[in-house]
Amino acid sequence: MVEPARVGRGPVVGAAALLGLAVGIGLWWEGLGLLSTLTNVFLFLLLTQAWNLLGGYGGYLNLAMAVFFGVGAYTTGILAYGWGLSPLLTAPLGGVVSVLWAAAVGVPSLRVRGPYFAVLTMILGFLAQVLAYNVPWTRGAMGIYVSPLPWDRRTVEQFFYFTYMGLALVVTGLTARIQSSRFGAALVAVREDELAAAILGVRTTWVKVAALLLGAFWAGVAGGLYTQRIGYIEPTGVFSLDISVDVVLMAMVGGAGTWQGPLLGVPLVMLVAELLRVGVVHLGLFGARIPAEFNRVVFGGILVLIALYAPDGLMGLLRPFRGRRLRV
Amino acid sequence: MTPALLMEAMVNGVFLGLVYALVSVGLSLTLGVLGIVNMAHSAFVMLGSFFALELLRGWGIPPVLAALVAAPVFFGAGAAVHRLLLRRTASTSEAMGLLVLFGLLLVLENGSILMWTTDTRVLPWQPAQAVLSVGGFRVALGRLVAAGLALGMIGSLDLLLRRTLLGKVVRAVGQNPDAATVLGVDVARISMVVVGAGTATAAMGGVALALMFPFAPQEHLRWLAWAFLVVVVGGLGDVRSTLLAGLLVGQLEALAGVLLPFQYVYAVLYAFLALTLIFRGRGLQSAQERVL
C-alpha cells in the first residue's frame, strides 16, 4: 500500500476557498454565461477523470470516451422521449447502459494493447456513430428532442451546475482514493509492464475491466445529464471524436495518471479555447467564419509539444518543486 | 440482382483494391519496419488529394504527373516528421509517439480546413469522367488511371525492397535493428527513409483516391480505417501481401455496396475491422515486438 502523501495546510485552505467560490458563483452569480461555462468545465472534469482511470493510470489510451458519453446521452434521450422519465432517473440508467455497452464492446478490446488499442477504440467510436445514424430507435440524423425541465432557466442552469460539480468532486475524490489504493497500484503496474505485473500476481484483466467499466459508468451519467441539459441530441454531436480528443488533451495537459491532473488541465484547456475564440473573432483573422478549426490546430500543436517535452503534463512540471518524497 | 451487376461490382472492386493497397502500403511499411503506428497517415493521404487539386487548378498539371511530383515533396515532409517528431519520442514511450502523431493529425486536418474549408471537392480533370468499355464492362477512365498508378507504384516499391541494396537494408532494419547497426547500417537514416517513403506513397494514394472519389479535409479518417483494415488483414511490411489484402478489402467493399443497403456498408466494414483488430491485434503486436 502506498502511503498517502501528507498535505500541508496551504493546499487544503486553497481548495476550500475555491470550493466556496464555486458554490457562491452557483448560488448568487447573475450571468448565465459564466454558470454555463463552468458547468461545461465540471462536465469535462467528470469525463476526464472517468478517462483517467484506464487511460492515465492504466496506460490504455482510450480514444472513444465519446462512445460512453453518447450511449448515456441516447439512453436519456430515448427514455425521456419515449417514456417521459425524469433526468434524475435516466442519468444513472445512462451510466448503467454505458457500462453494459462497455462490457459488451470494450472488454474484448482490452485484449489489444498499445497503439492498437487506441486505433481500435477510435474505430469503435466511428462504428457507434454509424449505428446511431442507422438503427431505428435513435431517429437517426433527425436526432431526439427532450422537453426541458419544468423550472425557469436560471434554476435549470443551477441544477446542472451543482449536479455536475457534485459528481466531478465525487469522482475526483474517488480517483484520489484509488490512486493510493491497491487497485490504483495495480493499474500503474499494468501501465508500466503488464506482463511483469501478471507474473507478480496482479489480476491484470480484472483490473483493466474494472477501470474501464467504472469510467464508462461516469461518462454515461455525464452523457445522460447532458441530453436533459441541452434538450437535443444527434449522432454527430454526442459521438464526436472531438469529445474523445478533448478529454485526452485535458488529461495530458494536466498530467494523466494523477488525480490532480484533470483539475489543472480541464480549466486550462477550456480557458485557452475561450481565449482563442474571443481573440480570433476580435482580430478578424479569418473573416466572419467561426474559426473552430483554428482552435483545433492550436490544440493539436499543444498535444505535440506536451508529448515531446512534458509527457507528465503540468503535474510532471510541478513535481520537482514539491520534493520527490515518494521516490526511492 | 443480376450476375452482370455483380461482375461489374467485382471489376470495380479490383480497381478500388489496387488503390487501397497503395493507400495502405506506407502504413504497413512504417509499422512493419519501425513499429510506428502512423496515426497521421490518412492526413497525408488527404493532403495528397489537395496537392493534385492545387497543381491541376494552378498549373493545369494532370493528376498522374501530380502524383510523380508529390512523391519527392511528401518524402521530404515525412522525413521532416521523422527528424523533428518521431526521433525524439523513439526513446521515451510508445504512447507519446502515438500522441505526437495524433497531434500532427489534428494540425494537418484543421489547417487544411482553414485553407480549403470543409466543402467536398471533385478533381476537375475532364478525362476522369470518360467511360471506357473494358472487356464488356463499363469503367470510368479516372478509376483506370488511379488503378494503373497504384499498380505501378506498388510494383516499383516491391522491386525496390526486393532487388536493391537499399531495400535489403530496410528489410534488415525491420528484422533486427541492433544487428543492422552492428553491421554498419545507419538505422536512424534508414528510419527516416522509411517514414519518408511511407508518407510519399500515402500522398500518391491520395492523388489516386481523388481520381475516384470526392474528397474533403475532415473526411480522411475513413481512409485511416480502411488502411488499417488492409494492414490487419495483410500483415506487416510485406508489399505483396498488402496488395492482396487491398484487393480483398476492395472486393469486400464493392460486394457489400451491392448486397447491403447503402447505410449499412460502413457499419459492416467498421465492425469487421474492429473484430479483426481484436482477434489479429495480438499477431500484429508480436510482429512489432519482434521488430523492437
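Two residues are in contact here if their C-beta atoms, placed from the backbone, lie within 7 Å. Helices, for their part, are DSSP runs of H or I with at least four residues, numbered from the N terminus.

The model is predicted, so local features need pLDDT of at least 70 and side-chain atom pairs count only at pLDDT 80 or more, while totals for chains, interfaces and linings use all residues. Residues are numbered from 1 along each chain as its sequence is written, and chains are lettered from A and ligands numbered from 1 in the order in which they are written.

I start with a helix pair in chain B. In α5(B), I154(B), L157(B), D158(B) and L161(B) meet V239(B), R240(B) and L243(B) of α10(B). By class, that contact has five nonpolar, no polar and two charged residues. Nonpolar means Ala, Val, Leu, Ile, Met, Phe, Trp, Tyr, Cys and Pro; charged means Asp, Glu, Lys and Arg; the others, Gly among them, are polar. Helix α5 of chain B covers residues 141–163 and helix α10 of chain B residues 239–259; their axes come within 9 Å and cross at roughly 155°. Axes are lines fitted to C-alpha atoms, for helices over the stretch in contact, and angles run from 0 to 180 degrees between N-to-C directions. α5(B) and α10(B) are therefore roughly antiparallel, a label for angles over 145, with under 35 roughly parallel, 65 to 115 roughly perpendicular and the rest oblique.

Next, α2 (residues 41–59) and α9 (residues 221–234) of chain B: these axes come within 8 Å and cross at roughly 120°. This pair is therefore oblique. On the α2(B) side the contact is made by H41(B), S42(B) and V45(B), and on the α9(B) side by L221(B), W223(B), L224(B) and A227(B). Five of these residues are nonpolar, two polar and none charged.

Now the interface. Which chain does chain B touch, and with how many residues? 36 residues of chain B are in contact with 35 residues of chain A. On the chain B side, α3, α4, α9 and α11 each supply at least two residues. The largest share, 15 residues, comes from α4(B). That side divides into 25 nonpolar, eight polar and three charged residues.

Last, one residue in chain A. Q179(A) is found in helix α6, residues 153–179. Q179(A) is buried, with 23 other C-beta atoms within 10 Å; buried takes 20 or more, exposed 12 or fewer, and partly exposed lies in between. Leaving aside neighbours within four places in sequence, Q179(A) is in contact with G184(A) and W259(A).
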